[in-house]
Every structure is written in structure tokens, then in C-alpha cells.
Amino acid sequence: MKFNYFNWTPILLPFVAGLIKFKRFSKSLKILFLFVCFGTINEIFARSLILAINLNNSMPISHIYGFISFGLLFGFYFVLLKEFLNAKVLFFVSSSFLVYWIVNSLFFQSVYVLPALPRALGNLCIIVLAIIYFYKLMLEAKIVKLADEPLVWINTAILIYYTGNLFFFILFNLILEYSREFSKVTVYYFSGLNALFYILIAVGFLKVKKKS
């Protein structure tokens, strides 16, 4: 039970940090805070259903969560990169992926099965956007101290988390076939990655200073 709490409670850290610093957030950070808020609501809702009706399969919720969370992340990077990359290309790629997610969930894959392939493709898109953002920072060379820049912490969190996730979802079926006991070990890996993700985002939120 204690481990189950550790599995989801780290999301409360950026949620609280975001509430404290929200008035100072830029447009991109407000979108990311919506991502955190939605994740918090999703975790509480899903776990409430598990306790209330003994829900055994939360995959339908996972399909909905994936669609909305990826949509918010695409919105976050659209604001950050629209002046660096072609905005129409960014919009086309993100909207095409979201349409693919809906079509896959409705017509091709059961909502009671983990959407491993769509998640892997979504993770890959987010990884590419995170790398492009770091490339943008390097070209502009405007930041004197990287450790004081909120978006550096947040983009690092996203890059680490979604890279780890990509390998997890690519190997998920192979891991399951290899050993169910070993697949349980991967849950601990995923939970640690999840905690690191939200801790780094919380640090990024707390790094936000008053606008000059």
C-alpha cells in the first residue's frame, strides 16, 4: 500500500508548486500546469474508482489520459517553438498524432488494452521536441545560468521521462512474455522515473521569478 501511494503522490509536488507560482507563469508554463492539474485529477479519479467499485482494468481511462496529456504537451511546445520552427508543421504533426490516437482507440485497439504503440510514437514526438528546444537554447545562448532557468529543469524532466517511457512501451510486450515476475520489477522502475519527472517539474515551477 505504501508503494502504491509513492507511485502517484509525487504529482502533488508540481501541483502545489504550480498553485504557489501560477500568477508568475508564462503562457507555456500555464499550459504545462494544466497538464499537471489534469494528471492530478486523473490519478485521484482512477484510484477513487479502484477503491469504490474495485475497478480491475483502468485502461479506458489511460486511453483518455494519453490523448489529453499529449495534446497539452504539444500545446506547451507549440508555444515554445512556434517562432523557431514552422508553426504550420508543428500544428500538422501534433493534430495528426491526436487524430491517429482517437482512430486507434475507437476502431483498431481495444480500450481495455494498453495503447503501447501510440504511446511509444507520442513519446518519440515529445523527445524530438524536447531536443529541438535545447538546440534552440544553444543557438540563442541567452541564458547565463542554466540552473536558474525554469524551462531547463522542465525540459530536462520531459526528456528523461519520455525517453525512459519510450523504452518501456517498446519492450512492454517482450517483458511480459519473458517473465511476469520481471514485469513487476519494471513497475518499480516506472514509479521511480515518474517521481523524478514530477520532482524536476516542481523545481522548475519554483524557479519561476517575478516578471521584470
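Let's start with two neighbours in this predicted model: helix α5, covering residues 87–108, packs against helix α6, covering residues 116–140, at an angle of about 165°, and their axes are 10 Å apart. What does that angle tell you about how α5 and α6 run relative to each other? Angles over 145 degrees count as roughly antiparallel, so that is the label for α5 and α6. As for the handedness of the crossing, α5 passes α6 in a left-handed one.

Now look at which residues touch. From α5 come Leu90, Phe97, Tyr100, Trp101 and Asn104, and they meet Leu117, Pro118, Arg119, Leu121, Gly122 and Leu129 of α6.

Time to zoom out to the whole chain. How many helices and strands does the chain have? There are eight helices and zero strands, and reading along the sequence gives you the pattern α-α-α-α-α-α-α-α. The chain has 212 residues, of which 42% count as buried. Finally, take the contacts between residues at least 6 apart in sequence: 77% of them join residues at least 24 apart.

Methods:
Residues numbered from 1 in each chain as written. Predicted model: local features only at pLDDT ≥ 70, side-chain atom pairs only at ≥ 80, totals over all residues. Heavy atoms only, no water. Axes fitted to C-alpha atoms, helices over the stretch in contact; angles between N-to-C directions. Helix = DSSP H or I, 4+ residues; strand = E, 2+ residues; numbered from the N terminus. Parallel < 35°, antiparallel > 145°, perpendicular 65-115°, else oblique. Left-handed = near helix turned anticlockwise from the far one by under 90°. Contact = heavy atoms within 4.5 Å. Buried < 20%, exposed > 50% of the residue type's maximum accessible area, 1.4 Å probe, protein only.
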